[in-house]
Amino acid sequence: MHLVIRQAEIVNADGRTRGDVLVRGGHIVQVADQVSPPAGEPLESIDAGGMLLLPGGLDPHVHMHLPTAAGFSSDDFVSGSRAALLGGTTTLIDFVTPRRGMSLTDALAARLMEARRCHTDYSFHVSPVEWRDSTAAEIRDCIAAGLPSFKLYMAYKDSIGIDEEVMAKVMRTVAKEGGMVTVHCETGDEVDRLRRELAESGQTGPASHPESRPPHTESQAVEKAIALCAQTACPVYIVHVSAAASIEHIRKAQSAGLPVMAEVCPHHLLLDESVYDAPFEQAAPFVLSPPLRSESDRNALWGALADGTVEVVGTDHCPFFMEQKAAGRNDFRLIANGAGGVEHRLALIYTHGVLEGRISHERWVALCSTGPARLFGLYPRKGRICRGADADMVLWDPHASEIVSAARHHHRSDISIYEGMTLRGKARMVIKSGKVVVEDGQQRRQPAGSFLRRKVPEKGQ
Ligand SMILES: [Zn+2]
């Protein structure tokens with residue numbers, strides 16, 4: 001069975017062309033002005049007139065079914081990947097986070113079981129949460145299993161966070177094997193102290209959340225992560241950068257030739273700290289880390305997307321129900337920490353990036369698909385519409401619009417931090433592995449996603 005998409009406006013990260021795309025057996029076999037499918041074989045034909053055709057989105061930062069003190073994050077791999085597909089994202093990278101005392105490889109085996117019904121293709125970043133005698137070997141085993149990226153937490157030291165000494169050991173090992181680390185940058189000790197002080201002084205509301213994690217707690221951690229990158233030669237990808245000062249450190253490191261990369265999240269681009277100055281029910285949904293920042297921080301993030309300092313938009317998708325947020329009604333430290341976003345990433349950046357003239361169509365595709373595919377060892381299998389690539393594509397209707405609401409979204413959550421926002425553009429049709437899985441904005445098939453074995457990214461790609 002062949003599938004042909006005719007007369008599409010094909011948008012890749014490096015340019016736009018008009019033409020046809022021919023698909024067979026899950027792969028793109030031809031991209032040309034006009035393709036001619038072999039005669040005598042069944043053919044499904046899609047007219048893409050007036051639509052944009054994009055490589056499927058890749059969100060490299062999601063937390064499905066994440067255990068927390070407030071219970072699991074409310075999307076599991078099935079509900080979360082379904083929401084992702086409906087929004088045009090066909091590949092997810094989640095996390096393997098062992099408990100201390102457990103090996104990375106045992107944790108990976110358990111996580112693979114949890115993810116086995118995922119509808120998108122998927123992979124993981126693996127988190128060393130301590131240094132054990134066997135950690136170096138476990139890291140090598142993960143890389144051999146196709147997982148060359150590791151996630152390190154500088155915050156949350158009571159559970160998964162590690163100190164700089166352990167970070168350096170992990171990074172030396174990972175660098176030797178050609179992998180990379182992704183880092184959650186917040187100075188954990190200072191954040192813990194501020195949280196305790198605020199709670200003890202009776203400031204227990206959600207407004208204490210941003211107050212306990214001011215911008216310098218991020219930017220100072222970014223500086224430390226960059227220093228460790230210089231020391232160990234391990235490529236560093238800084239997740240969810242939120243502060244202007246952090247962007248400055250990253251820019252400086254990049255001009256000095258260090259392998260430092262960065263990601264921002266839609267919520268840090270589009271929302272600001274004013275939301276915390278509200279009653280509990282209104283403010284609690286926005287408790288996520290790092291917290292929302294100021295207008296000037298937001299502008300710095302947009303600037304960094306446009307000039308290439310930041311190469312990826314990931315969501316940090318981690319939704320909860322209001323009931324889980326409400327666990328912290330009397331103590332902000334107990335509010336479930338995170339928010340959903342995987343369904344709306346492409347539309348959020350299209351609406352506020354492309355249509356507001358901040359970034360080009362090509363840059364939008366680069367940030368949501370090509371950039372993460374390259375950095376995480378999936379390019380050009382993912383992230384590009386070209387011959388030989390996986391046939392994961394999105395037919396984007398630039399004229400559609402919708403108003404985001406928790407009543408209608410596909411995240412399993414009764415909260416949306418984008419509630420009431422009008423989004424322009426929509427994934428009209430989504431093709432995964434050569435099959436139409438979303439049609440007219442509705443799910444048509446429940447595809448089986450594949451676990452992706454990623455390769456060590458080539459230097460300078
Ligand atoms: Zn995260």
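Predicted model: local features only at pLDDT ≥ 70, side-chain atom pairs only at ≥ 80, totals over all residues.
1. Start with the inside. The largest nonpolar core has 134 residues, and those touching the most other members are Val21, Leu53, Val181, Ala225, Val236 and Ile238. Helix H14, residues 361-375, gives this core its largest share, namely seven residues.

2. Beyond its neighbours within four places in sequence, Val236 is in contact with Val181, Val183, Ala225, Ile226, Cys229, Pro259 and Val260. Two of these names, Val181 and Ala225, are also on the list of core residues that touch the most other members.

3. Now look at strand S7, residues 89-96. Why can it be called largely enclosed by the rest of the structure? Seven of its eight residues are buried, so the rest of the structure largely encloses it. S7 pairs in the parallel sense with strand S6 (residues 57-59) over three bridges, and Leu58 has Thr91 of S7 as its bridge partner. S7 also runs parallel to strand S8 (residues 121-126), joined to it by six bridges; here Val96 is partnered with Val126 of S8.

4. S6, helix H1 (residues 77-86) and S7 form a right-handed β-α-β unit. From S7 the chain then crosses through H2 to S8, and this β-α-β crossover is right-handed too.

5. Helix H2 (residues 104-114) also packs against helix H3 (residues 135-144), at an angle of about 35° and with the axes 8 Å apart. H2 brings Leu104, Thr105 and Leu108 to the contact, while H3 brings Glu138, Ile139, Asp141 and Cys142. Sorted by class, these are four nonpolar, one polar and two charged residues.

6. Strand S9, residues 149-153, has five of its five residues buried. Ser149, Lys151 and Tyr153 point one way from the strand, and Phe150 and Leu152 point the other way. S9 pairs in the parallel sense with strand S10 (residues 180-184) over five bridges, and the partner of Phe150 in S10 is Val181, a name you will remember from the core. S9, helix H4 (residues 164-176) and S10 make up a right-handed β-α-β unit.

7. Finally, is Ala13 buried or exposed? This residue sits in the loop between strand S1 (2-12) and strand S2 (15-24). Ala13 is buried, because 23 other C-beta atoms lie within 10 Å, and 20 or more are needed. Ala13 and Glu362 are 349 residues apart in sequence, yet 4.4 Å apart in space from C-alpha to C-alpha. Apart from neighbours within four places in sequence, Ala13 is in contact with Glu362, Val365, Ala366 and Thr370.

Conventions. Residues numbered from 1 in each chain as written. Core = buried A, V, L, I, M, F, W, Y, C linked by C-beta atoms within 7 Å. Buried ≥ 20, exposed ≤ 12 C-beta atoms within 10 Å, placed from the backbone. Helix = DSSP H or I, 4+ residues; strand = E, 2+ residues; numbered from the N terminus. Contact = placed C-beta atoms within 7 Å. Pairing = 2+ DSSP bridges. Right-handed = clockwise from strand over helix to strand, strands pointing away. Axes fitted to C-alpha atoms, helices over the stretch in contact; angles between N-to-C directions. Nonpolar A, V, L, I, M, F, W, Y, C, P; charged D, E, K, R; others polar.
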